[in-house]
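I am opening a notebook on this structure. The entries below record what I looked up, in the order I looked.

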Amino acid sequence: MNETILNKLKILADAAKYDVSCASSGNKRPNTGGLGNALAPGICHSFTDDGRCISLLKILMTNYCIYDCAYCVNRRSNDRPRATMTVQEVVDLTIGFYRRNYIEGLFLSSGIIKNADYTMERLMLVARKLRTEERYNGYIHLKAIPGASPELIKQAGLFADRLSVNIEIPTEQQLQLLAPEKDFPSVLQPMNQIRTGIQLYKEERKKYQHTQRFTPAGQSTQLIVGASPESDQQILSLASGLYDQQKLKRVYYSGYLPVNDYDKRLPALKIPPLVRENRLYQSDWLMRFYHFQADEILSPEQPFLDLEIDPKLAYAIRNLHLFPVDINRADYEMILRVPGIGVQSAKMIVDARRFRRLTSLHLKKIGVVMKRAQYFITCNELAAHSRDWDPFVLRSHIIHESQSKYRKAGDTQLSLFHFSKPAKITSQPSMLFKH
Amino acid sequence: MAIILYDGTFAGFMTTIFECYAQKLEPTNICKEDSFQESLFSEHIQIVTDLEKSQRVWNGLQQKLHPRNRELPVLTFLSEEDGIEMRLYRFIKRVFNSRQRIDTDYADPDVLTLKKIERVVMRESMRILQFVRFQQTIDDIYFAPIEPQFDVLPYTLKHFKNRFADQKWLIYDVKRDYGFFYDLDQVTEMTLNEKNFSIHDGKLADNITQEDEATYQSLWKSYFKHINIEERKNLKLQRQHMPHRYWKFLTEKN
Ligand code: SF4
């Protein structure tokens, strides 16, 4: 028994790992007298050799699939080991891992077996069993299977914190080519249903105290980058629409890995487009936390992201007329747009300048990356650098400077901007007293 | 002018602040009583920890601090940094004595230093939530050894109590030789006289380990290996998020 479950876990984790979403954030679920809770910022419990966070037990219920999507390892024409877990097996694994503090919860997806409803029902059953029989209040993220009946999706939403439907291929035409058995409407239908469900839940919650939760951590989706020829601008404007109109919580970007290199519909890539993927995440970050609009990041004349510099720096260089920013006067929004100043530093600047005029020395101590920021700010004694620069010259100047730095520091280009959003652990001081 | 001794707890430190105001003391140093070296000429005052007084100081502070800095006094205190008491004492005095809020004056070296210490301690306490790994004993207690850089375990108890409300657990700070035990009702501090676990990898002795435990450990290890994407290997990034010093007690890394 142990051997078989071990074997199944290997196969089903291998099959699930290309879905990049792993966040356990977005919902605060209290523990109501059982096991577990969910914290709004989420927690990463481990990091794999690829540097990615393990927050959730991410597995497929089964990697058998009746479909044959070109970009997927689990497509039916691939000859690879297959396995299926029972509802009880997934439940036991989740609880066993959770009690040992290995994970924040479960992210369960599945290949399509028999039909959409049959597959969706099994996912829903796992969530229901966890919530009702195990009295489990940890995080649950379920995949909503396109084509499943609205009733099943509704059921799933009552037990899950998050639901996601993956779009995968950013344009309908390319999706037709790579996954002829799928279409946009079947993806958008459950997405719309979930959006309306969440809206309804939010309104009801305002009126009544006891409203049944519906997908309280919202929905997300994934886009594969580099399997089809869409431009970054197409991808970002799709993402922006998903945030604004579909009210999605997260859009994930997955650099295409050549898993099925025999399929001639796919580009022959030697290495996954990781830099491009990273630039997309940075742009996404700018839209969600830095109040940028998609069309400020890219335009039809400039449809691809600059791979050599990050999108915030690229924006500043394209818009030199908006700089330099006066650190002691400018409003928060504008300070946030300065390359080298993150959310944390921007807040500290606004707080600290009430007491005295800030100098470049203060900024440095607060944590501003002056090497970057110096071209875009003025403060007490620092003269503006930006006026005299030609955008092209400035761009290559900064690249040159940072490259000599990277050569020393190794490859740090791939790490995202590091603004940690630390969990707020509020505690009563009385809990802290040792006696 | 005097050296003040207190019991080393945060409540003790808060009481110290209280007494400084009440008795108009001007300490030259504030020391934990068990690390204080008596010398012939030093005059010292012993503070008796008083929960009520300490609570009053805490409440007073809460009203004078920016919402973002409400936890700063306790977090920086837990850093155990040399001289942290005096630094905090000066800061708290300034907070109480000025009519305006001064705790966001980050261009001031004392304030900025405290803010930086807070950030580091906060991260360490976050890492306890991330990297604690429980093993189940035959008496159904979930046991986890840890070795945090700062004395942050007390700060994380509320989290573990909420989350693992229906299982007994014991989290043990091996470095400071004390821990907390939750018995399904209360959390109590305790020290283990006999250590039934390896101090090298934290493994419980076989004879007190629950039957299923080994299975779950190998399942987790195997999951850890198979969820990795080889083509994206980035050990540097891994270490940045999960520094090497935590690996010792991580099931998946042993
Ligand atoms: S339906 Fe899903 S699992 Fe099946 S081949 Fe397509 S992407 Fe893969």
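**Entry 1: the interface**

I started with the area buried between chain A and chain B, which comes to about 7,400 Å², with carbon and sulfur atoms giving 59% of that area. I note that this is a predicted model. The size of an interface is often given as the accessible area lost when the parts come together, so I took that value before the contacts.

I then looked up the contacts: 78 residues of chain A touch 79 residues of chain B.

How many salt bridges are there between chain A and chain B? I find a count of 7. I looked at one pair, A:Arg356 with B:Asp105, where the closest N and O atoms are 2.6 Å apart.

Next I asked which elements of chain A supply the side that touches chain B. Among those that each give at least two residues are helix 2 (87-99), helix 8 (274-289), helix 12 (343-352) and strand 3 (56-60). Helix 1 of chain A gives the largest share, 7 residues. By class, I list 37 nonpolar, 22 polar and 19 charged residues on this side of chain A.

**Entry 2: a residue of chain B at chain A**

I picked B:Ser222, which lies in helix 7 (residues 213-226) of chain B. Is B:Ser222 buried or exposed? I record it as buried, because its relative accessibility is 9%, and the cut-off for buried is under 20%. Leaving out residues up to four places away in sequence, I see B:Ser222 touching A:Leu6 and A:Lys10.

**Entry 3: the cores**

I looked up the largest nonpolar core and found 189 residues in it. Those touching the most other members include A:Ile59, A:Phe97, A:Tyr253, B:Phe13 and B:Tyr223. Helix 5 (residues 109-131) of chain B gives the largest share of this core, 9 residues.

I followed up A:Tyr253. Beyond its neighbours within four places in sequence, its contacts include A:Val20, A:Leu223, A:Ile235 and A:Leu280, and also A:Glu277 and A:Asp284.

I also noted a second, separate core of 10 residues, with B:Tyr172, B:Val174, B:Leu204 and B:Phe249 among them.

**Entry 4: a loop residue**

Last, I checked B:Glu26, which I place in the loop between helix 1 (10-22) and strand 2 (27-32) of chain B. From B:Glu26 to B:Val187, 161 residues apart along the chain, I note a C-alpha separation of 37 Å.

How values were computed:
Residues are numbered from 1 along each chain as its sequence is written. Chains are lettered from A and ligands numbered from 1 in the order in which they are written. This is a predicted model: local features need pLDDT of at least 70, side-chain atom pairs count only at pLDDT 80 or more; totals for chains, interfaces and linings use all residues. Side-chain values use heavy atoms; hydrogens and water are left out. Helices (H or I, at least four residues) and strands (E, at least two) are DSSP runs, numbered from the N terminus. Contact means heavy atoms within 4.5 Å. Buried area is the accessible area (1.4 Å probe) that two parts lose on being put together, summed over both. A salt bridge is a side-chain nitrogen of Lys or Arg within 4 Å of a carboxyl oxygen of Asp or Glu. Ala, Val, Leu, Ile, Met, Phe, Trp, Tyr, Cys and Pro count as nonpolar, Asp, Glu, Lys and Arg as charged, and the others, Gly among them, as polar. A nonpolar core is a set of buried Ala, Val, Leu, Ile, Met, Phe, Trp, Tyr and Cys residues joined through side-chain atoms within 4.5 Å. Buried means under 20% relative accessible area, exposed over 50%, partly exposed in between (1.4 Å probe, protein chains only).
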